[in-house]
Amino acid sequence: MKQYKVIHPHQSNYPDPIVLAKGDIVHYGEKDTEFPNWIFCESIASKKRGWVPKQILSTPNEEQQAEVQEDYSALELNVTPGTLVQKERELNEWSFVHTTEGDKGWVPNKVITPVEQ
């Protein structure tokens, strides 16, 4: 995995993130205006709300409900400049990363830069 360095701080606005399992049903809400393809959803089972990538949701039905296509956690990672992270996945201008200490979560791409090897 490629290593990245945090160049801007990021603090999560959602300390209690939505966590979904494949097959869960969510209420398909509004689209994010800053980051395209993120949908604000509410879990039918847990009532937790949060941003979910459109790519892992089925097309919403007439009741605006969609099925989750894979396990997902909206956990954002709090990071400070200088922290080194490795990218596991990238979706819609965000990356799911982990630190050398084992912390994992999403950060916006604009706060990280590749480390030259």
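Which residues point one way from β9, and which the other way? Let us build up to that strand step by step.

What you see is a predicted model, in which local features need pLDDT of at least 70 and side-chain atom pairs count only at pLDDT 80 or more, while totals for chains, interfaces and linings use all residues. Residues are numbered from 1 along each chain as its sequence is written, and side-chain values use heavy atoms, with hydrogens and water left out.

Start with the overall plan. The protein has 11 strands and 0 helices; here helices (H or I, at least four residues) and strands (E, at least two) are DSSP runs, numbered from the N terminus. The radius of gyration is 15 Å, close to the 13 Å that the globule rule gives for 117 residues, so the protein is as compact as a globular protein of that length. That radius is taken over C-alpha atoms, and the globule rule is 2.2 Å times the number of residues to the power 0.38. Along its principal axes, the C-alpha trace spans about 50 × 25 × 25 Å.

Now look at what is covered. Of the 117 residues, 39% count as buried. Buried means under 20% relative accessible area, exposed means over 50%, and partly exposed lies in between (1.4 Å probe, protein chains only). Contacts tell you about the fold too, a contact being heavy atoms within 4.5 Å. Among contacts between residues at least 6 apart in sequence, 57% join residues at least 24 apart.

Beyond its neighbours within four places in sequence, Thr99 is in contact with Leu77, Thr83, Leu84 and Val85.

Next, meet the strands that pair with β9; two strands pair if DSSP finds at least two bridges between them. Strand β8 (residues 84-91) runs antiparallel to β9 and is joined to it by 6 bridges. Here Glu90 stands opposite Ser95. The hairpin of β8 and β9 has 2 residues between the strands, and Asn92 takes a positive phi near 55° there. Strand β10 (residues 104-108) also runs antiparallel to β9, with 5 bridges between them. In β10, Gly105 is the bridge partner of Val97. These two strands form a hairpin with 4 residues between them, where Gly102 in the turn has a positive phi of about 95°.

Arg89 is partly exposed, at a relative accessible area of 33%. Leaving aside neighbours within four places in sequence, the contacts of Arg89 include Trp94, Ser95 and Phe96.

Finally, a word on backbone angles. Most residues other than glycine have a negative phi. Asn37, in the loop between β3 (25-31) and β4 (38-43), has a positive phi of about 75° although it is not a glycine. Its relative accessibility is 37%, and Asn37 counts as partly exposed. Gln64 has a positive phi near 60° and sits in the loop between β5 (49-53) and β6 (65-67). Gln64 is partly exposed, with a relative accessible area of 36%.
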